[in-house]
Amino acid sequence: MKTIRLTAAVLAGVLANAAHAQPATAEKAPTLSPTAAAFLAQFGEDDAQSLTWAQFEAFRQQRYTATDRNQDGTVDAQEYADEYLQRFDARLDKARAGHLKQTDTRFKALDRDKDGRISRAEFDAAGERTWAGYEKAQNATREDAAATNRDPLKMPTSHTANGMLELYDQNKDGVVDRAEFDAVRSAQFTATDTNGDGALSLAEYTAEFEQRLDAQRVRVRADAERQAKVRFGALDTDKDSRMTFAEYQVSGKRLFTRADSNGDRVVDARDPEPAAGSHSANGNR
């Protein structure tokens with residue numbers, strides 16, 4: 001019995017010493033500010049945690065050279081817009097795929113009896129829930145769509161006040177009344193029910209949403225092209241309709257400077273979040 005006690009005591013001492021000998025837990029890696037993280041995601045290599053000014057300038061020079069399709073040493077407005085739209089199209093494709101993936105989820109949520117069809121009663125019940133949510137939130141401050149909607153397709157949703165107005169405010173008086181709401185919902189059901197059987201299949205539900213997605217894509221892409229040409233005009237400071245790399249890099253310097261908030265010419269976790277209202281590091285330019 002004594003041997004057992006001695007062994008247990010020795011073992012306890014060994015374990016205690018081992019616990020003290022364990023290396024201290026490594027300090028948690030510094031967290032990137034939202035602006036620095038967005039900047040690195042746009043301009044850095046995969047999972048990059050830092051980017052120097054020299055690296056960023058080299059990246060911008062490479063993009064400028066690729067934008068100058070006719071290789072005449074300068075970039076015109078159409079070249080500038082086309083390069084931006086190529087990147088914007090990739091974002092739109094990704095957003096469209098995401099919306100379509102959610103369509104199946106929405107359909108299943110509306111199909112309460114799980115028979116693979118949305119009956120008019122199920123559709124109307126969803127409308128009642130939407131209307132109840134809108135009535136409850138009408139007194140809330142309407143959100144700024146540009147600030148709250150990160151979706152490049154900017155599809156309106158009935159979950160927001162702005163979305164309700166875009167979807168249902170037919171007379172554009174800034175208010176959705178119940179008559180407008182019911183009229184739009186009824187017309188939508190009828191248009192979606194292409195075979196006229198009084199219920200919506202997943203194929204019908206998806207096809208109707210795809211039509212709205214594609215129409216919205218045309219609108220936002222046209223707007224993006226207009227905005228790109230406005231940006232070109234602002235960057236073409238000598239107004240000769242040709243953008244030199246020096247003119248192009250003015251916007252790049254602004255993006256880098258905002259993300260490099262401590263001014264050490266490196267964007268990394270040491271940069272605190274810049275003050276609100278500074279130019280966004282979204283890579284549009």
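Predicted model: local features only at pLDDT ≥ 70, side-chain atom pairs only at ≥ 80, totals over all residues.
Residues are numbered from 1 along each chain as its sequence is written, and side-chain values use heavy atoms, leaving out hydrogens and water.

Secondary structure, then. We've got ten helices and four strands, taken as DSSP runs (H or I, at least four residues, for helices; E, at least two, for strands) and numbered from the N terminus. Going along the sequence, the order is α-α-β-α-α-β-α-α-α-α-β-α-α-β.

On burial: 34% of the 285 residues are buried, meaning under 20% relative accessible area with a 1.4 Å probe, protein chains only; exposed is over 50%, and partly exposed sits in between. Ala37, in helix H2 (residues 34-43), is partly exposed because its relative accessible area is 32%.

Now, the cores. A nonpolar core here is a set of buried Ala, Val, Leu, Ile, Met, Phe, Trp, Tyr and Cys residues joined through side-chain atoms within 4.5 Å. The largest one has 21 residues, and Tyr80, Tyr84, Leu153, Met243 and Tyr248 have the most contacts inside it. Helices H4 (77-110), H9 (202-235) and H10 (245-259) each give at least two residues to this core.

So who does Met243 touch? Skipping residues up to four places away in sequence, the list is Tyr64, Thr74, Val75, Tyr80, Phe232, Leu235 and Tyr248, with contact meaning heavy atoms within 4.5 Å. There's also a second, separate core of twelve residues, including Phe39 and Trp53.
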